[in-house]
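Dear colleague,

Please find below the structure that I am handing over to you, followed by an account of what was found in it.

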Protein chains: 4
Amino acid sequence: MARIGFLGLGIMGRAMAANLLKAGFEVTVWNRSAAKCVPLVAQGAAQAATPREVVEACDFTIAILADPAAARETVFAADGVLAGMSAGKGYIDMSTVDDATAREIAGAIASKGGRFLEAPVSGTKKPAEDGTLVILAAGDQSLYDEAGPAFDKLGKKRVFLGDVGQGARMKLVVNMIMGSMMVALSEGLALGLKGNLDGAKILEVIEAGAMACPMFKGKGPMLLNDDASTSFPLKHMQKDLRLALALSEELGQSLQAASAANEVFKRANIAGHGDDDIAAVYRVVR
Amino acid sequence: MARIGFLGLGIMGRAMAANLLKAGFEVTVWNRSAAKCVPLVAQGAAQAATPREVVEACDFTIAILADPAAARETVFAADGVLAGMSAGKGYIDMSTVDDATAREIAGAIASKGGRFLEAPVSGTKKPAEDGTLVILAAGDQSLYDEAGPAFDKLGKKRVFLGDVGQGARMKLVVNMIMGSMMVALSEGLALGLKGNLDGAKILEVIEAGAMACPMFKGKGPMLLNDDASTSFPLKHMQKDLRLALALSEELGQSLQAASAANEVFKRANIAGHGDDDIAAVYRVVR
Amino acid sequence: MARIGFLGLGIMGRAMAANLLKAGFEVTVWNRSAAKCVPLVAQGAAQAATPREVVEACDFTIAILADPAAARETVFAADGVLAGMSAGKGYIDMSTVDDATAREIAGAIASKGGRFLEAPVSGTKKPAEDGTLVILAAGDQSLYDEAGPAFDKLGKKRVFLGDVGQGARMKLVVNMIMGSMMVALSEGLALGLKGNLDGAKILEVIEAGAMACPMFKGKGPMLLNDDASTSFPLKHMQKDLRLALALSEELGQSLQAASAANEVFKRANIAGHGDDDIAAVYRVVR
Amino acid sequence: MARIGFLGLGIMGRAMAANLLKAGFEVTVWNRSAAKCVPLVAQGAAQAATPREVVEACDFTIAILADPAAARETVFAADGVLAGMSAGKGYIDMSTVDDATAREIAGAIASKGGRFLEAPVSGTKKPAEDGTLVILAAGDQSLYDEAGPAFDKLGKKRVFLGDVGQGARMKLVVNMIMGSMMVALSEGLALGLKGNLDGAKILEVIEAGAMACPMFKGKGPMLLNDDASTSFPLKHMQKDLRLALALSEELGQSLQAASAANEVFKRANIAGHGDDDIAAVYRVVR
């Protein structure tokens, strides 16, 4: 069974590493602030002092870091991933990073003879804990196959999408649809309430019909209760819409409705709801 | 057990009347062209020569007619519903009609001492056959209760929404969200395909995540296969979006994204896709 | 020289009737509250007690009334226009009314053998005073020709557009463009100010270039000074956008940008700026 | 009188340099393909072999180049502007370049002790020939003042806007308004024509009213005649809209209508009208 490294024990990473341990994998963990390693060590993980040590000790290493800056530093720092990389080893970045960062890291790993996979996920805290993420992988296919058994403990669905960059692209497509749906639900609910319909009944009707989906089931009551406790920060959604629109300019695709949804998210962001959940877009719609 | 009348044996009505018969209800049917009654009579229905006779013979009568003109004529013609209506009898219009038509019919029924319920449905042919419609009722609550056992054979969900008009309003809200989602899926798929993602994989990823819903499961492959065989005609969706926007003007609700979706549906309608399925909106998006 | 009747001495009508008197026309005036006739009688007008008397005394009668209800009542009341109408007389409605009202009045006038012209205007108080309105006439061409010399004192431009209805339609087209431009200016100014450009300089640059127009010259400083003193009430502009969009549904024309502009005006209306000038749309944009 | 250098003799530059010569300025010209210098030398210009020689021979040098790449090369090439730059000399870039290019060039000029001014213009071929451009200057104010007499021969209006970057920003704001207006005119005309109004009369009515502007006067007949002979390429307008939207994301300004206009321009671009005039946007609207 593969020895797996795990870098980054935030909300997502902690849950994911725990799932790997539960499944019996041999996991070596590292986190910038070492304290976060403690509960995982209690569950059987080995702990390393630097990303370099993790990489050296393992067949392949998974990272899920906060942002592109953290992703970059973890790779390029003195005792970073690159320092430990050697021919045949694998590096799987499950962070959501921009295209340039993904390509830069991919190139650096390749230059050491390593194999690289980008594998951003669709899904947030709850699916990470439940092992029901959707994994959008692209890059080295042999590494994808090798990591398959581990991926199957992290998510309920995984796809291999080709060259590095296609994983991030898939994530933009999916999140763009999600952003448009969030605005659609908000507008529908707002219209219905102004028309004296009962909000809970609107949600019941949706839930019983062709549009029933986990997202509406989860977010619908949040809208009605003015609850915006964050599972997916609104500013990140707006960023994804912005990136999807930028991609559409590059690829020559007009996006009439998504551009309108983006402007609604921009208004919500400007109104100060950037750190709230995407459900807060309702606050500028109603 | 109540004696139920059934007027209108189109695609929807035929399936619904059959479900009532299957459940053991005593059903008297009528249709403008009498030939459509034959298979239902074979299943045990009584047949009447006019709407008047149906109403006279039954405790309450359900109608599901093609459009407001047909709904009106069935009620107001010489041997129409009104001619047979008397104190205590019920009339349930499950057609999708405009506000003015619904109120006019409601008033006429009341003037004869009858009870009226509007009960448009969410769902098309397949749910009608499977008895899984969503029934959006409003009007006379005693009639709603009395028709409950029958409704439970026609649909998997029913709600009572108050005064006449609220049923149609709920339907607009739900269809408006559906229209926005149809455009969202179209734009997402179009962007992904231009970005060299595999269409089937995009649908798989959606199906595995928070946006998984019967509608995307049904329409997604239609988009990829350029299949627009009609289950919900695009021109009707555009009409519902237009009515929802008109309602929003009346109620004072800005609908930034739905208005953009409406313009996309307008373009599809103008391009000649009005009689195709709503899936054909993809043809002007891609 | 034609004897001209004039019904309705509001802000617009008062100024227009005065211009006719100044030009030497023989004018008989009427207004619902007779007090408003006094200054015009002082300028040489005759005064009549009812619309009927005006029409009886004149070759053709011009009306400019507050809204469709007033336009209708002035025609159909006991001593209204219709009571005085006879073969060959002319009636020119310069009010902005809906299609149905225009056709109803046109039909009634024709039924008495009278000639009818709808002639809504582009331009508000100042152009009315200066005699620089733009007159959008449609209906009876002989009446258009006969009223020509009078029109030339009321406006700087007049067009004859064919059948009744085309005048109102032209007005919608023109006001729709105006609404879109008002939002365009608002968005440009808001973006520039957030980008630390000087507002007055933005207006100077516009004024020196291809987009220089009386509207931007007039409204631009109002935006910068948060001045929304009303010359064209925002709610009327929103109504015109709504009607233009309804017309586009009827004629099969997608209006992507105008529908977006309409939603911005709706937001401004909902936010309580309906009675302010159209310049107040800036308050929900900035 | 200042000795003025002039780099770049394309459509714009040729006309501008000629205007300076006509006004009696001492002008030294250079162009990548030297043949374009001939007519200007015939009008009294001196000719230099490289940008370096131009800069060395003059007090300040004006450049108007095709794109950021050309702007960059003209400065940084072996015998480029930078090679000739020394303390106190001025360099005025009237090209439309991106922010990064402007800042890089500004920094390089400053590093040699030179003074830098960005001065993009509003206006195309005709205003360049007529000396009626609008000049949007930002950077070194002493250079702005020194170049004032020359600017006054090139344009009818000039503004000084502060730090480098503000000139380009003003241009984006102005062009964004222009793009929205182009779509507004297109939608209005398309709606009117579908409603059987005469196109020429629509333009007459606009021309007589508050929206009368050189742009509508110029572009209106082009729309009616399906003439898209290029004065401002559509793809450049779409690029400016894209940049304005990117700026709005940075500055926190929602742009509901401009984003809709951008999507219309994107559709026109995708449909193959990128090299046509912005008037060609009408082809995807009508």
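In what follows, a residue counts as buried under 20% relative accessible area, as exposed over 50%, and as partly exposed in between. Please note that this is a predicted model.

I begin with the salt bridges of chain D. Arg158(D) has a relative accessible area of 25%, which means that this residue is partly exposed. Its partner is Asp152(D): the two side chains form a salt bridge with an N to O distance of 2.7 Å. Asp152(D) is likewise partly exposed, because its relative accessibility is 44%.

A second salt bridge in chain D joins the side chains of Asp226(D) and Arg286(D), at 3.5 Å from N to O. Asp226(D) sits in the loop between α11 (214–224) and α12 (234–251) of chain D, while Arg286(D) belongs to the segment after α14 (282–285), so this pair ties together parts that are 60 residues apart in sequence. Asp226(D) has a relative accessible area of 39% and is therefore partly exposed. Arg286(D), at 43% relative accessibility, also counts as partly exposed.

Glu263(D) forms a salt bridge with Lys266(D), and their closest N and O atoms are 3.1 Å apart. Both residues lie in helix α13 (residues 256–273) of chain D, 3 residues apart, or about one turn of the helix. Are these two residues buried or exposed? Glu263(D) is buried, and Lys266(D) is buried as well.

In chain A, salt bridges link Asp226(A), Asp276(A), Arg283(A) and Arg286(A) in a network. Over all chains, the count of salt bridges comes to 77.

I turn now to the interface of chain A and chain B. Here 59 residues of chain A are in contact with 59 residues of chain B. The area buried between the two chains is about 5,100 Å², and carbon and sulfur atoms give 71% of that area. Which three residues supply more than any other three of the area that chain A buries against chain B? They are Leu191(A), Val205(A) and Met211(A), which supply 14% of that area.

On the side of chain A that touches chain B, at least two residues each come from β8 (133–139), β9 (155–160), α9 (166–194), α10 (199–208), α11 (214–224), α12 (234–251) and α13 (256–273). Of the elements of chain A, α9(A) gives the most to this side, with 19 residues. By class, this side of chain A is made up of 38 nonpolar, 11 polar and 10 charged residues. The interface also holds 2 salt bridges. In one of the salt bridges between these chains, the side chains of Lys157(A) and Glu204(B) meet at 2.5 Å, N to O.

Lastly, the relation between the two chains. The same surface serves both copies, as 100% of the contact residues of chain A recur in chain B.

With kind regards

Note on methods:
Residues are numbered from 1 along each chain as its sequence is written. Chains are lettered from A and ligands numbered from 1 in the order in which they are written. This is a predicted model: local features need pLDDT of at least 70, side-chain atom pairs count only at pLDDT 80 or more; totals for chains, interfaces and linings use all residues. Side-chain values use heavy atoms; hydrogens and water are left out. Contact means heavy atoms within 4.5 Å. Buried area is the accessible area (1.4 Å probe) that two parts lose on being put together, summed over both. A salt bridge is a side-chain nitrogen of Lys or Arg within 4 Å of a carboxyl oxygen of Asp or Glu. Helices (H or I, at least four residues) and strands (E, at least two) are DSSP runs, numbered from the N terminus. Ala, Val, Leu, Ile, Met, Phe, Trp, Tyr, Cys and Pro count as nonpolar, Asp, Glu, Lys and Arg as charged, and the others, Gly among them, as polar. Buried means under 20% relative accessible area, exposed over 50%, partly exposed in between (1.4 Å probe, protein chains only).
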